[in-house]
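Q: Hey, can you walk me through this one? I'd like to start with the words I'll need.

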Amino acid sequence: MTEPGTTGPGTSAAHARGSRELVLGRIRAALYGPAAPTARAGDGRATAPAGPPVPRDYLRSHVPADDPAALLDLLHRNLADYRALVHRCTPAHLPETVAGLLDARGARTVAVPADLPPGWLAAVRSTEPVPDDGTLTAARLDTVDSVLTGCALAVAETGTLVLDAGPGQGRRLLSLVPDHHVCVVLAPEQVVASVPLALPRLDPRRPQTWISGPSATSDIELDRVEGVHGPRTLEVVLVTEG
């Protein structure tokens, strides 16, 4: 029992709510002015009033966005600059390219999304596909040699692949645990010039993974270590008719 004049759980919670509203009120005042009204959501929570429109007159791309060949070359260079291994092939040669990469890696198993286009594995003979039906655990994936996925799109200016768990991509777990990731990019339809041009094509409600090269980190001595937070080796197959 709380004695008069002392602080109990109820008063502590009230004090925390008051402090939170004080902080949020100061943020709203800084963003919208001191006289900004406080709107309330249906459950009584404070919500920020509509702010001024965000200007979008910045340069949306530093390279011509309507030159597919130039964008593909730029993507290739920037992927390689991030230490990804980049390959090109036509759609007809994709199965043998995938099979060759897995053979060269010595992969005995390859994790694949359940909805991976079956033709991509048509030439694979010595590697066992491990389809992900949603039950593969991180521990199980840690025993798999490689993973093969598609992507949502690729950003040429930054050499970035974006996966959003869409068709042919599988769950985020697939591209984060195995040590070797082979990612297929269909050009020109999946290649965009820049991040500002990529964002409108993505659904912000989907789980997105942005990949720029193999997983890498460095300590205070700037010693680079790869494979700490994801695949140590990233191989990208650019599929184009050209």
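A: Buried means under 20% relative accessible area, exposed means over 50%, and partly exposed is in between (1.4 Å probe, protein chains only). This is a predicted model, where local features need pLDDT of at least 70 and side-chain atom pairs count only at pLDDT 80 or more, while totals for chains, interfaces and linings use all residues. Residues are numbered from 1 along each chain as its sequence is written, and side-chain values use heavy atoms, with hydrogens and water left out.

Q: What does R105 pair with?

A: R105 forms a salt bridge with D179, at 3.6 Å from N to O. R105 sits in helix α3 (residues 94-105) and D179 in the loop between α5 (172-176) and β9, so the pair ties together parts 74 residues apart in sequence. Helices (H or I, at least four residues) and strands (E, at least two) are DSSP runs, numbered from the N terminus.

Q: Is D179 buried or partly exposed?

A: D179 is partly exposed, with 26% relative accessible area. R105 is partly exposed too, at 35%.

Q: And what about D132, which residue does its side chain meet?

A: That's R171, in a salt bridge of 2.9 Å from N to O. D132 is in strand β5 (residues 128-132) and R171 in the loop between β8 (160-163) and α5, so they're 39 residues apart. D132 is buried at 7% relative accessibility, while R171 is partly exposed at 31%.

Q: Which residue pairs with R205?

A: D203, with 3.1 Å from N to O. R205 is exposed at 73% relative accessibility, and D203 is partly exposed at 24%. Elsewhere, salt bridges with shared partners join R105, D179 and R232 into one network.

Q: New topic: which way do the side chains of β6 point?

A: In β6 (residues 146-149), S146 and L148 point one way, V147 and T149 the other, and all are buried. In a regular strand the side chains alternate between the two faces of the sheet.

Q: Which strands pair with β6?

A: Among them are β4 (residues 109-113), which runs parallel to β6 with 2 bridges, and β9 (residues 180-186), also parallel, over 3 bridges. Two strands pair if DSSP finds at least two bridges between them.

Note on methods:
A salt bridge is a side-chain nitrogen of Lys or Arg within 4 Å of a carboxyl oxygen of Asp or Glu.
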